[in-house]
Each structure stands twice: as structure tokens, then as C-alpha cells.
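Open the model in your viewer and keep the selection panel at hand. The stops below say what to pick and what to look for.

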Amino acid sequence: MFADLILKNGKIVTIDDKESIAEAVAVKYGRIIEVGSNDDVKDYIGSDTKVIDLKGRTVTPGLIDSHCHMTSTGARKYVSVELSEESGIHSIADIQKRLAERAKVTPKGEWIYGANEDDSKLTDKRHPTRWDLDEASLDHPITVTTRGGHFHVANSKAFEMANVSKDTPDPAGGMFERDPVTGELTGGVHEKATRIITPVRPTPTREQAYKGAKQQLLDCAAAGLTCVHDSIGQSQIRAINDLRNKGELAIRIRIDVGKDHWPDLEKVGLFQGFGDDWVRITAIKFFWDGAISARTAAVTEPYLHRPDFYGVLGTTPELAMEELEEAYKEGYRIVTHANGDAAIALYCDVMEVLQKKYPRKDPRNRDIHCTVVNPKLIARLKKLDILPTIFGPYAYYHGDKLLPAFGEERLEWMFAARSFLDAGIKVSAHSDYGAGPMPPLMGIHALVNRVTKAGKPIGQSQRISVMEALKLYTINAAYHAFDEDKLGSLEVGKLADFTVYGKDILTVPTMELIDVPIDMTIVDGKIVYERADA
Ligand SMILES: [Zn+2]
């Protein structure tokens, strides 16, 4: 038998039980048929075999992001204008320019939605005003949503179309910002007042959802990802099916369906496990407490910068029990966003009851984020077999703003990779993209170094090795989706997903991990990304 694909002359990090390093690998029909030396694979080389000479480069199993919102974020790019610092926005002038560009290609009178504006990242150190936005267009209604989503800025056309003037009173639970002298609207729209300005939320068309998902998954492949656990709903599931049917799906998807959609799944008899090695439904997702980046996770000790604030818990013990029981008794696997220690403790309380009431072998329920922990919680998670997936990049990416809110001591118990591994828990790591940055190498960098963007070490006791960080992004993530027999390590019989690096990820100075280039990404034995100048 001849192979379809051979990678040789490489440093192949297999992530098998012995952490063995091989030199070559052979692939047939999308599966690995040999892992070993160049000599071991030479008899598999036929006239039709594609042979890639790695020239000493390092290969790992394809990287897996175990929680994110890839396809919905991809679609959002088509319905809104990205205004984050990462997208190249540094001033109000940049915002005006980008909105004006969108106005040029948008019919007059149609909405333009700016997203992810962050005044702290602008050189102006303030939000744009109504008049700033008017300079981008007077013919299009424009709203700009700030990071976190609770505060918006609208232009004059938006107020005009909503029939809101300086004589309009503030609605209950909302507020329009006004000039203190003239009372004129200045653009700022708070909370429930937003619904008056933009009664309809932007939703992508089928075409936009498909195009957005397609580009996003290609971007994932370029970052070294071969599989993502995507948290999604109806329009994204359709987009993934569209991609699949057109033969354009770049990487594998594991679907955690949002809890609002599960009654629909029930109606048509769709259940977790439905799907195949490319696309599969894996769980029902619930959402409980606040965000780490917004410093609103539900914690038991108050935030240091707001001494009376314990975060936001969006559920009660009764409601939490009710909604989880409804899904769990039907056999669904549960994944719950429980970020702060108060939310995690509640999750443990509920699952303790449910697992007794509806005992299940190997349940693998998950805690998404599971950020702020302590030894007692770790012991409970272990006992209940709840699998944590933690933020990969945050100690680096958000570390500087987390420090004043959580403090050094608590950061020793956040993104607690070391403690979970030491407890024998198969922890995995994720991006939460678009809420967080996507590159898995930024995650590996952060987990290994635990140094903030500004260079400050935080929570150093939680550092792990590069090999361990790789496990979080490969075999452990595979385990989280019952994929450990197919994905996550390079062994005979497993699916042929590989990430090829431009530098040796195992020996490069660890502070350079974030800059290791991805040279090639292979899914199911096919190259889905290749760096142009590699
Ligand atoms: Zn999320």
C-alpha cells in the first residue's frame, strides 16, 4: 500500500503517552498509517504519494481550541464594522475613516454598526460623539458599540430615524447623554435606551453567515488550528452545513449548542453525538456569570478596585438547578460558563445533585473558563469529573488590567493550569474568540510564561511546560469532545491533522513562543494553509 501523504525529515512531536518524538509520518485516506523514522515510511512512497520534506521543522498534532465563537464572529464582521485596537484603530479619526469607507459601499439610509470601540485604547482617551460620527456620514444611521456592549454612540441620522430629539425623555432603565448647558443629545446611549435607537439587532444573512464562517475558519487554519469547539446557534449551524456541502470547510468543528436552541433540537430528535469526524454536536451550553476581561465574574472575595463588588451572577441556585436538570435528565452533556469561584461552586452544587439523581458513566460535563479557583474547588471538580477549559491567552493579553482588579494573590489561582494538571484533571485551553484573541500560540505563550503584555509576571505558580501547554491544545481538548481515540496525538489509526512550525516550539526561548510562525496546517491529510514565504 502506498501513502497519499508523507511528512519526513521532521521533529514530529507525537503527544503519545511516552511523549515520543518521531522523524516521519505516513497518511492514507486521511488517517495516519505509520509514525516513525524516515526509513519506516520509505516503503509507503509510490508515484502518486505527496512527499513533504520538513527540513527539520517541528510538527505537532493539529491544535484544538476548546471553546470559542468562531463562526458567529466571522459572520459579525459582515454586519458590523470592527473598531478594536487589534484591527488597527488608534484614534477617533481612524474610526471616522473606517465608518466612512463602509458608508461609501452602503446604500443611503441603511444601518452601519461599529463594534468593539474602546476609549481606553484611543489616543483621544474618549468615546466619539454624535458629531464625530456625523463626519463619517450624515446619510446613514450609525451606532458604535463599545467593548462590553452596554454603552453606544449614535449619529444624528440614527436619532432622526428613531424620532429621538433633545425633548425625548430618558426611558426606564436607560439614558441619552446630553449637553449640560443646551440639553442637546451628544450621542451617548446607555442600556435600555439603545432599543429605542436600534430596535432591530443586526443579523447576518445566510450568505453573510456562510462567507463569514468560511473566512474565519481559514484564519483559524492559518493560526495552526485544525479543530474548534464552537459555541453556536441556528444560523451558524446552517453556515457550517453550507460550507460542508460546498466542500469548503477548512477545519473540524465540535458544536456546543446554545441553551436557547435545545428545544428545537429536541423537536427534530437531534442529539449530542449527531454528526461525524468533521462536524459533530457535543453538548448544550449554559451561561451563568460575568466576564473576566470586564472584571464581572462572580467571585466570593470582592474586586480590589471596587471593594463592594462581587461580580454578576446571572442565575439563582433554583434557576440553575431547573435549567440544568431539564437538559441533564434528557441525557445531554452540559457545558456551563462558570468563571468566578462563586459561579463554579454553584455549578459543583448543581452537578453533585444531578449526577446522583441521573447517574451517568463518563459524563465529561465541562466548565467553560473555570477561571478563579481554590484547592477545595479543584478537588470538587475532580470528584465530579467536571472538565475545565481555561482561557489560554489572558494572563498575557489581559494580565495588566486583571492585576488591579484581582490582585497578585488571587492571580496565583486563576487560569490554574498547573494546579489542574497536578490534580490529574484533563484541563484544556481556549480563546473564547471573538471575546478574546484567537491565536493558540498566544495561549501557549501565556500559559508557559505567565507574563503580561507589559512584562509583569503574574500567577507564576501556575506556569506549565511547553509540552504540557501543547497537551492542553491537543490530546486534552480532544478528550473534552470524546475525540481522544481520533484526534490529539499522532499515532497509527488517528486522523491526519498536523500543525507545522517555522521554529522549534519545544526549544525556542519561551518568551518568543508567541512569534513562532505557523508554516503549514494539514487537516484530514490535506494542506489547508501554507505560509507564503515559508
Ligand atoms: Zn464564550
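Select helix α2 (residues 70–79) and helix α7 (residues 206–222) in this predicted model. Their axes come within 7 Å and cross at roughly 120°. The crossing of α2 past α7 is right-handed.

Now show the side chains at this contact. From α2, pick Met-70, Thr-71, Thr-73, Gly-74, Ala-75, Arg-76, Lys-77, Tyr-78 and Val-79. From α7, pick Gln-208, Ala-209, Lys-211, Gly-212, Ala-213, Gln-215, Gln-216, Leu-217 and Cys-220. Colour them by class: the contact of α2 with α7 has eight nonpolar, seven polar and three charged residues.

Next, select helix α11 (residues 341–357) and helix α12 (residues 375–384). At what angle do the axes of α11 and α12 cross? The crossing is at roughly 30°, and the axes come within 10 Å. Angles under 35 degrees count as roughly parallel, so that is the label for α11 and α12. The crossing of these two helices is left-handed.

Display the residues that make this contact. On α11 they are Asp-341, Ile-344, Ala-345, Cys-348, Met-351, Glu-352 and Gln-355. On α12 they are Leu-377, Arg-380, Leu-381 and Leu-384. Colouring by class gives seven nonpolar, one polar and three charged for α11 with α12.

Leave the helices and centre on Leu-122. It sits in the loop between β10 (112–117) and α4 (130–134). Is Leu-122 buried or exposed? Leu-122 is buried, because 20 other C-beta atoms lie within 10 Å, and 20 or more is the cut-off. Leu-122 and Ile-89 are 33 residues apart in sequence, yet 7.6 Å apart in space, C-alpha to C-alpha.

Finally, zoom out to the whole protein chain. Its secondary structure comes to 18 helices and 24 strands. The radius of gyration is 24 Å, close to the 24 Å from the globule rule for 534 residues, so the chain is as compact as a globular protein of that length. Along the principal axes, the C-alpha trace spans about 85 × 55 × 50 Å. Colour by burial: buried residues make up 49% of the 534. Of the contacts with a separation of 6 or more, 71% join residues 24 or more positions apart.

How values were computed:
Residues numbered from 1 in each chain as written. Predicted model: local features only at pLDDT ≥ 70, side-chain atom pairs only at ≥ 80, totals over all residues. Helix = DSSP H or I, 4+ residues; strand = E, 2+ residues; numbered from the N terminus. Rg over C-alpha atoms; globule rule 2.2 N^0.38 Å. Buried ≥ 20, exposed ≤ 12 C-beta atoms within 10 Å, placed from the backbone. Contact = placed C-beta atoms within 7 Å. Axes fitted to C-alpha atoms, helices over the stretch in contact; angles between N-to-C directions. Parallel < 35°, antiparallel > 145°, perpendicular 65-115°, else oblique. Left-handed = near helix turned anticlockwise from the far one by under 90°. Nonpolar A, V, L, I, M, F, W, Y, C, P; charged D, E, K, R; others polar.
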